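Subject: Structure handover

Hello,

Here is the structure I promised to pass on. Please have a look before you read my notes below.

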Amino acid sequence: MLTFSEVSEHNTKDSCWVILYGKVYDVTGILDSHPGGTQAIIRWGGRDATEEFDMIHPSETLEEIEGSYLGTVEPQEQPIADSTPKEITQAPLSTLLNLDEMEVAATKVISKKAWGYYFSAADDKISKYFNTQVYRSILFRPRVFVDCRTCELETELLGHKVGLPIFVSPTAMARLGHPAGENGIAEGCRSFGCLQIIANNSSLSPEEIVANAPSTQIFGWQLYVQLNRQLSESMLARVNRLDRVKFIVLTLDAPVSGKREDDERINIQANTAASVSNQLFAGTDPSLTWVDTLRWLSQHTTKPIVLKGIQTHEDAILAAQYAPLVKGVVLSNHGGRSLDTAPPAVHTLLELQKYCPDVYDKVEVWVDGGIRRGTDAVKALCLGAKAVGIGRPALWGLAAGGVEGVERTLQILSDEMKTCMRLLGAKTVGDLGPQHVNTAILQQQIYGGPSHLVDETWGFMKGKL
């Protein structure tokens, strides 16, 4: 058994030991290959890193370093916390009436680190806020004398029946906000038949997340292609074996991390080596291309592919050319977390209608970013979206109340959508259409220039894969 003082001496690049769950590991050999960078580990050298490790890494990560196990550390010699967390009396979830109130409740109970990662967006957060504000510029056109005693939200996504036209977008590091993590989100989605896309950087493994899910529950899995392609290929092989994961979501709107100052500021204040965002993007490959990447991906999975991060009609046209390999696209600016002043999904929806309406017939068009009301979701569906994603709201719900918080979030959105649809005169999701909305205020903001699809682009399209 090792003493804490013995462990504390090993805190450099030449000799780095960490304590995890009362066990000591020599992690010197993995410093250079760690996706989060060398300093992310060294700053915990000679110390107990259990809490930090537990919030970010799936349990399987521990298995990968079992060969470097050195022994146990004397429990009585581990440092005692300076103070116990203050107990915060939380209002009952039933009293939270909208998603903004859910975010306020979550902010009161999560750590600064979790808040910094969840809340942050690129630069001045213009895209983040505009993602929500843009929906306020769309006006409804309600129809009357319609029997609205019943209203149904069920629909089909990629051929699978779901209870809501809402999906949970891939959101990393759910255990930063609540110990239930992505499992809590999955359980919260269950009773609503809500589709969940598992983040590439989840704090639980995909196997753990789908383990208790019924056969009817639908999942997708997000892929960030890694510089070390073998890591991505290994994960794809695992996901291919999971029947409940029905499709792969290749994320394209974040080839590198945006400048997320709230996340960075928390890191500076805590005197840590790197923000959560920078750690997660350390191993991501920024060199993806249409032909090479889709060819590579098609060789490593037979599951349908959805491309996330389409922000122009040109890229939507290109994506549709790869149907049926590509089954859908998600119009997204990564929650405003990548390029500030990038267009909201609603702008891209309208751009597609203007330049290439036939894309809607070739691939399913989903959107995410900025949804805070059921009315927002309904407006997106009226404009041609097949489904609407929520990212931060799922995390805030989880942080505020665990599984029940996620359920309350989905209940609020579901109730608001049904009320909205009844007042519009729509009984089902299929009844919604452009006749229900007035987008005149937005039209002046929609791109009006030429299409930039050069001959070279079409040249490689002929060969496809």
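Predicted model: local features only at pLDDT ≥ 70, side-chain atom pairs only at ≥ 80, totals over all residues.

Which residues line the second largest cavity?

The lining is made up of V168, S169, P170, T171, E182, I185, Q196, I197, I198, A199, S202 and I209. Two elements, α8 and β9, each give two or more residues to this lining. Strand β9 has the largest share, with three residues. By class, seven of the lining residues are nonpolar, four are polar and one is charged. The space inside comes to about 40 Å³.

The barrel

Eight strands form a closed barrel. The order is β8-β9-β10-β11-β12-β13-β14-β15, and the pairing is parallel. From one strand to the next, the twist averages 30°. In general, strands of a sheet pair through backbone hydrogen bonds, either parallel or antiparallel.

Look at where β8 meets β15. Strand β8 covers residues 166–168, and strand β15 covers residues 387–390. The two run parallel and are joined by three bridges.

The largest cavity

How many cavities of 30 Å³ or more are there? The count is two. The largest cavity holds about 430 Å³ of space.

Its lining has 30 residues. Nearest the centre are P170, T171, H334, R337 and G391. P170 and T171 are also in the lining of the second largest cavity.

Which elements supply at least two residues each to the lining of the largest cavity? They are α6 (112–119), α12 (276–281), β15 and α18. Helix α18 provides the largest share, three residues. So much for position; now the classes. The lining has twelve nonpolar, twelve polar and six charged residues.

Over to you.

Best wishes

Note on methods:
Residues numbered from 1 in each chain as written. Heavy atoms only, no water. Pairing = 2+ DSSP bridges. Helix = DSSP H or I, 4+ residues; strand = E, 2+ residues; numbered from the N terminus. Axes fitted to C-alpha atoms, helices over the stretch in contact; angles between N-to-C directions. 1 Å grid on protein atoms, 1.4 Å probe; cavity = no way out; pocket = protein on both sides within 12 Å on 5 of 7 lines; lining within 4 Å. Points joined across faces, edges and corners; volume = space filled by probe spheres on them. Nonpolar A, V, L, I, M, F, W, Y, C, P; charged D, E, K, R; others polar.
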